[in-house]
Amino acid sequence: MNPFSIIFDSFDIFFGILIPLLSLWWLWLPIVLANQVIDTYQKLKRKEYLASLKWTVLEIRLPRDPGKSPKAMEQIFTSLHGIYAPVKPRDAKWKGKVPDWFSFEIVSNQGKIFFYARTPEQYRNLIESQIYAQYPEAEIYEVPDYVNGIAEKIPNDEYDLWGADLALTKEDAFPIRTYEEFEEKGGGKDDAKRIDPVASLAELLATLHEGEHLWIQTMFRPAGEDWLKRGQETMDKLSGKGPKDSGRSLIGKTVDFIDSFIPGSGAPAGEVKEEKKPDVGAGKQDQIRAIEKSLNKLGHETGIRCLYIAQKDKFKKANIAGLVGAYKQFSTQNLNGFKLDKDSLPVASKLLDKWFRKNFIEFKKKSGLFGLYKMRMLPRKPFVLNTEELATIFHFPDVFVKSPLLPRIEAKHGEPPSNLPVM
């Protein structure tokens, strides 16, 4: 058959369908336009709602020896779950409302390290009270937002940036490696040595030089019960308790149905067919136990975004590798871990973009990442971490972390003596 005739026949079919559709424009065009108007309206209301939110940035300083494990931070994340209040569908659709969220951030500006909490203004007292409850000697200050301290827009003539969102390597039902697994057990009862998971990240942040900045934000909001259902479904799959006949093909089910009408083809009357239990190996059993333990704690929808900003002549790609490596320590082969979200990377991924618009695409993505970081916008598809996992990736380093540029309170503040003379 002539290939050109096939092409022309395809065009005939295409136009044979298109022309009748165009003649009925009065029927489908209003529907298309109405959907477009509704979508535009909803995006506008969402933008207006986000712009109306009032935020506060708090800097947190701890004493040189806080004497606390990440368990203290886990208690803070557990308490903050109390703000959970699902947004009504009509309010989300027509008023642009979204659930409230927080952002806890660790920042290195030219090697000097800071800890921040960005919170909706109405939750400032809640954040402060929870931190003071676990760290009574902490000092908390309201400060200007540090993201405005370099430039309004990056990249620019002076600065370049690299950034990305982190994603999980598996479904969020599978837990990451948590701080309890970073303990070294000694011979005696009290010989357990705690290895701080934040130590390697703190050391990386402290090595930055003049003109370099590395910012990491951990954004979170309380998760509902959907993630528990997903977790249960994951455990059912691992244990082979999926929906009945879920693995059977349509042909197989049809054959079984026909067989049921053929005498002698099924099991003899009164005989009960014994179902063979699926063989669950030791590896899957370990996974099920880990997931079950993880689901016992409260969860938060989470997004982690990282930016490395540096003057163009001081930009070091090795710092990017160091950052990725710092998050690799939370990974295990049989459970979960972190990876870079490919869609968020500031690179041209499509073939035509690489050939014709590489610089433009990369500039656009970098600018977009900087804008999202400033707004602390959660990714479109956040993953769920429980409170123990959150406390593992974000907590205040303990005495074992010796980085000299960590923000510490050098002297304790005390109350004045009761017999102090008053002028």
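The contact (heavy atoms within 4.5 Å) brings together A72, Q75, I76, S79 and L80 of helix 3 with L126, I127, Q130, I131 and Q134 of helix 5. These contact residues split into 6 nonpolar, 4 polar and no charged; here Ala, Val, Leu, Ile, Met, Phe, Trp, Tyr, Cys and Pro count as nonpolar, Asp, Glu, Lys and Arg as charged, and the others, Gly among them, as polar. Helices (H or I, at least four residues) and strands (E, at least two) are DSSP runs numbered from the N terminus.

The model is a predicted one, in which local features need pLDDT of at least 70 and side-chain atom pairs count only at pLDDT 80 or more, while totals for chains, interfaces and linings use all residues. Residues are numbered from 1 along each chain as its sequence is written, and side-chain values use heavy atoms, with hydrogens and water left out.

As for geometry, helix 3 (residues 70-80) and helix 5 (residues 124-134) pack at about 150°, and their axes are 9 Å apart. Axes are lines fitted to C-alpha atoms, for helices over the stretch in contact, and angles run from 0 to 180 degrees between N-to-C directions. Helix 3 and helix 5 are therefore roughly antiparallel (over 145 degrees).

The largest pocket has a volume of about 1500 Å³. On a 1 Å grid over the protein atoms alone, a pocket is an open set of points with protein on both sides within 12 Å along at least five of seven lines, a cavity is a set where a 1.4 Å probe fits but cannot get out, and lining residues have an atom within 4 Å of a point. Grid points are joined across faces, edges and corners, and a volume is the space filled by probe spheres set on the points.

Lining this pocket are 38 residues, with L372, L378, P379, R380 and K381 nearest its centre. Helix 12 supplies the largest share, 8 residues. The lining comprises 19 nonpolar, 4 polar and 15 charged residues.

There are also 5 cavities of 30 Å³ or more. The largest cavity holds about 60 Å³, and its lining has 8 nonpolar, 2 polar and no charged residues, including F115 and H395. The second largest cavity, at about 50 Å³, is lined by P197, V198, L201, A326, Y327, Q329, F330 and I393.

Notes: Parallel < 35°, antiparallel > 145°, perpendicular 65-115°, else oblique.
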